[in-house]
Amino acid sequence: MYQFLIMLALSLFSTALPSFLTATHTEMHSIPEMITVSAHGANDIFNKSVTIQAPTFLDTKPLAHDEKKQLKKKLGLLTSGKIVKEMLEQDLREAANICLRLKEYDDVLIYLRQIIKVTQSSTVGKTIKLEIADVYFQQGNLKMAAKLYEEYISLYPGDKKTAAYAEYKQLLSSNSLRLEDDRDQTMTLKTKNLADLFLEKQGTFVKQYAPYVEAIKHDCISQLYKHDVTVFDYYLKKKSFKAAEVRLDTIKTNFLSKRPDLEPGIVNCELRVAQAKNDLVKVAELSEKLAQKFPDYAGTQMAQGKKGKPYISLF
């Protein structure tokens, strides 16, 4: 199912990127920048890192040396002897466009913020707010980008096209702020919740991003599961069996209904508790369950054991 979603995403997304910033850009290209969602386990659906497209409406085409030189000269002539707060809106827009091409993002933000101050057009102001969020995203300032996308969504929820775009970019920003499996998982949980909210929505503009959001949600659940298993491992190694079993009950409650594919790993955790407690009846029962219901998983675990490798939960 998830492999199908990934394949669908890769073929679908490149065909439909909206272009709504033409009112303020001299020349706009919908260029899909790329980010990467990493797999968190060798048996995850991804098997390796999966490329997720992050759409942008900033003009980020590579420049030849001569083009860069000409743009710098043009920018110099446009801004020479001028104070930013005294520049006309059309000059601010042109300067911002040139700086975007040159990837001088700090200067882009200066010009865009000034446009918001001077423009008489609510449409321009609205568009610039989203463009500023995109600039922060492009810079890698994902915390600020996520905040600005969220603000945009709250201010302009009625524009289905740009709202879907902003929600998706907020999700990508949040996803990129996730920490490693053994650290605080607040951002992973937030990203998963954002994905749930996104996938509840209907409409054409939501659907074009939905396969990617499904993949990110799947990856978030894998990471949250791995984090909980890490905590379970900690208690089990300390022989704190009650705490380990409480954590395992939480894992069952939180993940079995969402991800039935995680069941063999959960049963294996139960087996390890039984082994640690020397409960031979339970060990035999769970070993048979793994062998009968999940023979491929059981075979993998046996192979790892023969090689003398430590237990590694599969995700």
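Reply: In this predicted model, helix 8 and helix 10 cross in a left-handed sense. Helix 8 covers residues 186-200 and helix 10 covers residues 210-237. Their axes lie 9 Å apart, at an angle of about 145°. On the helix 8 side, the residues in contact include Thr 188, Leu 189, Lys 192, Ala 195 and Phe 198. Helix 10 contributes, among them, Ala 210, Val 213, Glu 214, Ile 216 and Cys 220. Sorted by class, the contact has 10 nonpolar, 3 polar and 4 charged residues.

Now the rings. The whole structure holds 7 aromatic pairs. One of them joins Tyr 152 and Tyr 156, with 4.9 Å between the centres and 50° between the planes, a tilted arrangement. Tyr 152 is buried at 3% relative accessible area, whereas Tyr 156, at 21%, is partly exposed. Tyr 168 and Tyr 212 also form a tilted pair, because their planes stand at 40° with the ring centres 6.5 Å apart. Tyr 168 belongs to helix 7 (residues 160-176) and Tyr 212 to helix 10, so this pair ties together parts that are 44 residues apart in sequence. Both Tyr 168 and Tyr 212 are buried. Together with Phe 198 and Tyr 209, they make up one aromatic cluster.

One more ring has a charged neighbour: Lys 169 lies over the face of Phe 137, 4.3 Å from the ring centre.

Notes: Residues are numbered from 1 along each chain as its sequence is written. This is a predicted model: local features need pLDDT of at least 70, side-chain atom pairs count only at pLDDT 80 or more; totals for chains, interfaces and linings use all residues. Side-chain values use heavy atoms; hydrogens and water are left out. Axes are lines fitted to C-alpha atoms, for helices over the stretch in contact, and angles run from 0 to 180 degrees between N-to-C directions. Helices (H or I, at least four residues) and strands (E, at least two) are DSSP runs, numbered from the N terminus. A crossing is left-handed if the near helix is turned anticlockwise from the far one by less than a right angle, and right-handed if clockwise. Contact means heavy atoms within 4.5 Å. Ala, Val, Leu, Ile, Met, Phe, Trp, Tyr, Cys and Pro count as nonpolar, Asp, Glu, Lys and Arg as charged, and the others, Gly among them, as polar. Rings of Phe, Tyr and Trp (its six-membered ring) pair if their centres lie within 6.5 Å; planes under 30 degrees apart count as stacked, over 60 as edge-to-face and the rest as tilted. Buried means under 20% relative accessible area, exposed over 50%, partly exposed in between (1.4 Å probe, protein chains only). A charge sits over a ring if NZ of Lys or CZ of Arg is within 6 Å of the ring centre and within 35 degrees of the ring normal.
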